[in-house]
Amino acid sequence: MKRTDYTLEEMLASVPKEIREEVNLEFDVSNRVYQLMQAKGISKKELADALGKRPSEITKWLSGQHNFTLRTIAMLTAFFGQTIIQTIK
């Protein structure tokens with residue numbers, strides 16, 4: 001009989017570490033964008049208009065399931081005038 005009562009810990013243990021790290025980074029970036037939007041007092045529509053994007057794309061960014069490119073991160077950094085992610089130099 002197939003087992004269906006796995007605990008969350010058991011399910012997460014089966015996910016490769018690099019996938020867990022990727023998901024964590026995606027959520028970290030989307031949370032940072034949301035924080036900066038809140039600080040600036042702008043809506044998804046206002047951000048979309050300012051960046052020439054559709055509001056649905058901003059919604060995807062904020063979902064935590066978007067794989068941000070470095071180009072997009074650079075665009076957001078330039079728009080907000082604050083870092084989205086930090087690297088060691």
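With which side chain does the side chain of Q82 make a polar contact? In this predicted model, the partner is the side chain of R32, at a distance of 3.3 Å. Q82 belongs to the segment that follows helix α5. When residues up to four places away in sequence are left aside, Q82 touches R32, L36 and T77. The C-alpha atoms of Q82 and L36 are 8.3 Å from each other, although 46 residues separate the two along the chain.

L36 also takes part in the packing of two helices. Helix α2, which comprises residues 17-40, packs with α5 at an angle of about 20°, and the two axes lie 11 Å apart. An angle under 35 degrees counts as roughly parallel, and α2 and α5 are therefore roughly parallel to each other. Their crossing is left-handed. On the side of α2, the contact is made by V33, L36, M37 and K40, while α5 contributes L76, F79 and F80. Classified by residue type, this contact contains 6 nonpolar residues and 1 charged residue, with no polar residues.

Helix α5 itself spans residues 70-80, and T72 is located within it. The relative accessibility of T72 is 13%; since buried means under 20%, T72 counts as buried. The side chain of T72 is joined to that of T69 by a polar contact of 3.0 Å.

Conventions: Residues numbered from 1 in each chain as written. Predicted model: local features only at pLDDT ≥ 70, side-chain atom pairs only at ≥ 80, totals over all residues. Heavy atoms only, no water. Helix = DSSP H or I, 4+ residues; strand = E, 2+ residues; numbered from the N terminus. Buried < 20%, exposed > 50% of the residue type's maximum accessible area, 1.4 Å probe, protein only. Polar contact = N/O pair within 3.5 Å; in protein donor to acceptor, adjacent residues only side chain to side chain. Axes fitted to C-alpha atoms, helices over the stretch in contact; angles between N-to-C directions. Parallel < 35°, antiparallel > 145°, perpendicular 65-115°, else oblique. Left-handed = near helix turned anticlockwise from the far one by under 90°. Contact = heavy atoms within 4.5 Å. Nonpolar A, V, L, I, M, F, W, Y, C, P; charged D, E, K, R; others polar.
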